[in-house]
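Open the model in your viewer and keep the selection tool ready. The stops below follow one after another.

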Amino acid sequence: NVLYIHKSNGSDSKKLRVEDRMEAPPSRVLHIRKLPNETSESEVIALGLPFGKVTNILTLKGKNQAFLELGTEEAAITMINYYSTVTPHVRNVPVFIQYSNHKQLKTDSGNQRAQAVLQAVSAVQGGGTPTSGSIVDLTAASSPVLRIIIDNMFYPVTLDVLQQIFSKFGTVMKIITFTKNNQFQALLQFNDPPTAQQAKIALDGQNIYNSCCTLRIDYSKLVNLNVKYNNDKSRDYTRPELPAGDGQPAMDPNMAAAFQGKDSNSLLGKIPGKSLPSLAQGGLSPLNAAAAAAAAAGRVALSGHSGSSGVLLASNLNEEMVTPQSLFTLFGVYGDAQRVKILYNKKDSALIQMADANQAQLAMSHLNGQKMHGKAIRVALSKHTSVQLPRDGLDDQGLTKDFTNSPLHRFKKPGSKNFQNIFPPTTTLHLSNIPTDVTEEDLRLLFSNAGGTVNAFKFFQDHKMALLQMSTVEEAIQGLIDLHNYNMGDNHHLRVSFSKSTI
């Protein structure tokens, strides 16, 4: 009998600890522990798919454990080595993988569901078509094109990051990215439908970065993508000669080299918090993916990249109320705004120059469509590369402001905790730097006077921080604009940001 079952007595936890210290010799059968409740067979198989053929599976539902058999011992060794440096996750829960004492996994014919999953996966891996008896989420793909939606997009997801993740499963031919219904989406074409199917099985529902940027994947009705330009929005990898068009060009070769330089480890070291999970590092070159992720989140300023193509055009502004300072404060939640210029002949529009293109992308993805001063603002990348200051002696009525040396920039310090707290606008505001003598009533009154209704309030234990919930996102945006850096007395300036928490 090849089942690996612990005795259900008090020695369970002790036995697990002993096993952790005892390294079993390499085997193509892997033992997976600490799985979340109701983990499906396809989710377990997804852990092994990038490393080779999966030949058998056995799940022990009551014990939150599973056994996974790979086609070769070499594939299993590669998988163990990889997950020794990158913690494997299933449904955002870390799981533990080790070699089993068994060299082969024998399962009885009663394990029909697992066998159906394996049959479908085997067909995909062999280039065939799964049988009609396969499980619903493993139905055959009729198209090599996947439609990808990114949920919880707290960090920008670049075309290159998508290519790196999906190329683990086969040849990525073309990618087109776009924003629809205020969501970042992509169409990605593989060289054949079975490869697209294998990628969907493994990646649907997975997070690109820790606890965010969740992939929602479906098959597209299109069977071939028509890519006209190779730039940061679209790419045809089979036709490198295509022009860049009006979009930003693909990453400069010198910039790409910066990701691959000798200082890669220190670049990774600057990423605060937990390491990026397996998808962000799941491409052929994990260090480069993590470096790109760090840059995308604005955590590192790349040489020669600062200030280039980081200009946004905000339109449909309330020209009676908007000021350079209010735009600086709002866009400053997502990056260090350098200059703001309200257009003289079109005062419902403004140019905002961020510190770099990644911060501009981050601000655009979070603020486009949000309501500010009663109007839904539109935010797009501008063709300008910088915001010009007015000539000496020319009075532009205060429409242009230079914030380059502002003390209010949130992201100047490398590794600042602010990088971990970038969230879309929400009704809940996080307040910090609160003086000890300021009461809940004081803060409720302050934010009510900014225009809105305070629905809930909660002090943190030390009373230096609090959560305050407004009735609408628009009211929260207004409260942040009006009261971030508000002087509470004794040189205590209130700090306000959006929170993912609710009260």
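Start by selecting arginine 235 and aspartate 160. Their side chains meet in a salt bridge, 3.3 Å from N to O. The term means a side-chain nitrogen of Lys or Arg within 4 Å of a carboxyl oxygen of Asp or Glu. This pair links distant parts of the chain: arginine 235 sits in strand 12 (residues 234-236) and aspartate 160 in helix 5, 75 residues apart. Helices (H or I, at least four residues) and strands (E, at least two) are DSSP runs, numbered from the N terminus.

A word on the source before moving on. This is a predicted model, where local features need pLDDT of at least 70 and side-chain atom pairs count only at pLDDT 80 or more, while totals for chains, interfaces and linings use all residues. Residues are numbered from 1 along each chain as its sequence is written, and side-chain values use heavy atoms, with hydrogens and water left out.

Now check the cover on the two partners. Arginine 235 counts as buried, at 11% relative accessibility. Aspartate 160 is partly exposed, at 34%. Buried means under 20% relative accessible area, exposed over 50%, and partly exposed in between (1.4 Å probe, protein chains only).

How many salt bridges does the structure hold? There are 8. Go next to arginine 28 and glutamate 69, whose side chains form one at 3.4 Å, N to O. This pair also links distant parts of the chain, 41 residues apart. Arginine 28 is in the loop between helix 1 (12-21) and strand 1 (29-33), and glutamate 69 is in strand 3 (residues 65-70). Arginine 28 is partly exposed at 21% relative accessibility. Glutamate 69 is buried, with a relative accessible area of 5%.

Arginine 444 is partly exposed at 26%, and glutamate 440 is partly exposed at 27%.

Turn to the rings. A search of the whole structure finds 3 aromatic pairs. Rings of Phe, Tyr and Trp (its six-membered ring) pair if their centres lie within 6.5 Å; planes under 30 degrees apart count as stacked, over 60 as edge-to-face and the rest as tilted. Select phenylalanine 166 and phenylalanine 190: a tilted pair, 6.4 Å centre to centre, with 50 degrees between the planes. Phenylalanine 166 lies in helix 5 (residues 159-166) and phenylalanine 190 in strand 9 (residues 183-190), so the pair ties together parts 24 residues apart in sequence. Both phenylalanine 166 and phenylalanine 190 are buried.

Then pick phenylalanine 457 and phenylalanine 459. Ring centres are 4.9 Å apart and planes stand at 85 degrees, so this pair is edge-to-face. Phenylalanine 457 is buried, with a relative accessible area of 10%. Phenylalanine 459 is buried at 17%.

Next, select threonine 179 in strand 8 (residues 172-180). Is threonine 179 buried or exposed? Threonine 179 is exposed, with a relative accessible area of 52%.

Finish at aspartate 490. This residue lies in the loop between helix 13 (473-483) and strand 23 (495-498). Aspartate 490 counts as exposed, at 71% relative accessibility.
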